[in-house]
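Subject: Structure handover

Hello,

Here is the structure I promised you. Please open it, then read my notes below.

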Amino acid sequence: TLHLIIHPLVPVKRGADATLEGLAEGAAAGRESFIHVEVDRVPEPSRLEALAADVTRVLGDVRQAVTDWAAIRQRVLAIVAELDAKAPPIPAAELAEGRAFLQWLADNHFTFLGSRSHDLVAVEGADALRIVADSSLGILREAVDKEAHAKVVASGFAALPPEVRAYARRPELLVVTKSTARSTVHRPGYLDYIAVKRFGTDGQVCGEDRFLGLFTSTAYSANPAEIPLLRRKIADVVARAHLAPGSHAGKALVNILETYPRDELFQTGTGELLRIATGILHLGERQRFRLFVRRDTFERFVSCLIYAPRETYSTE
């Protein structure tokens, strides 16, 4: 249990090797943020060692994320420039939205925590992902020797079913989903995972640039009609619903989409979003309990939305 946390700014002086020497005097003294935490007593040495190791690991993640943040963002902007210089063989509308989305991410709508590039290769007749040497940044940065880089190291990809691995070859620019790992930096939610596919001279997918991080608060508060990718998805759903523009049902559907859980809106495909949104719309005519289930594209989790009539809903 957390009993107390305070984080004062303290004027300190340090030696040439950064060793803390004591408190500093004078207005010009450098100030550092110290964090003091009081929790339940932990008497067991093994638990104290594990706690210290966890704190050290998290501080290491923070240091790597902060150190490489600018380089990761610059990598996104470089991809945008590459798309402008040589357009991949995908529909123009999809390319324009994908480019706008990447630019939107770089404009302070995404907290970049890690990135890594992969090459899509064939190993014993099966697709596999190989880490590009010296491409790992932020929380994905690790000390890997050149020999290890030459091996196929994306074991999580190899463990996916063949029909799911086939997504790697699909000629689409972006994949937006969730990682199975929780963030140790900024806030403890599941990391957002954005992959930008790379295309070879033959027009086929040859790899991907992967970015891990968290959408910022402004990404959650902004109207989805103003967010690249989401605005096109919402427009497609509204068009496919074939509801009269300006009608009661039409306005209700737009409201459902604009207030839909933002993470789900990013990850759900147009067809599935249409199915769920129209199902929610019909609840206005006949209120009852409904469960809407979405399977993750990569079969790692399911997402459940439960709707309950207000008059039958209570804390119990």
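First, a term: axes are lines fitted to C-alpha atoms, for helices over the stretch in contact, and angles run from 0 to 180 degrees between N-to-C directions. Helices (H or I, at least four residues) and strands (E, at least two) are DSSP runs, numbered from the N terminus.

The model is predicted: local features need pLDDT of at least 70, side-chain atom pairs count only at pLDDT 80 or more, and totals for chains, interfaces and linings use all residues. Residues are numbered from 1 along each chain as its sequence is written, and side-chain values use heavy atoms, without hydrogens and water.

**The helix pair**

α7 packs against α8 (residues 248–258) at about 150 degrees, and their axes are 11 Å apart. That angle makes the two roughly antiparallel (the term covers angles over 145 degrees). Ile234, Val237, Val238 and Ala241 of α7 make the contact with Leu253, Val254 and Leu257 of α8 (contact means heavy atoms within 4.5 Å). These contact residues are seven nonpolar, no polar and no charged. Nonpolar means Ala, Val, Leu, Ile, Met, Phe, Trp, Tyr, Cys and Pro; charged means Asp, Glu, Lys and Arg; the others, Gly among them, are polar.

**The largest pocket**

A pocket is an open set of points on a 1 Å grid over the protein atoms alone, where a 1.4 Å probe fits, with protein on both sides within 12 Å along at least five of seven lines; lining residues have an atom within 4 Å of a point. The lining of the largest pocket has 26 residues, and Glu172, Leu174, Lys233, Thr268 and Gly269 lie nearest the centre. They divide into eight nonpolar, seven polar and 11 charged. β9 gives the largest share, four residues. α7 (230–241) supplies at least two.

Best wishes

Methods
Parallel < 35°, antiparallel > 145°, perpendicular 65-115°, else oblique.
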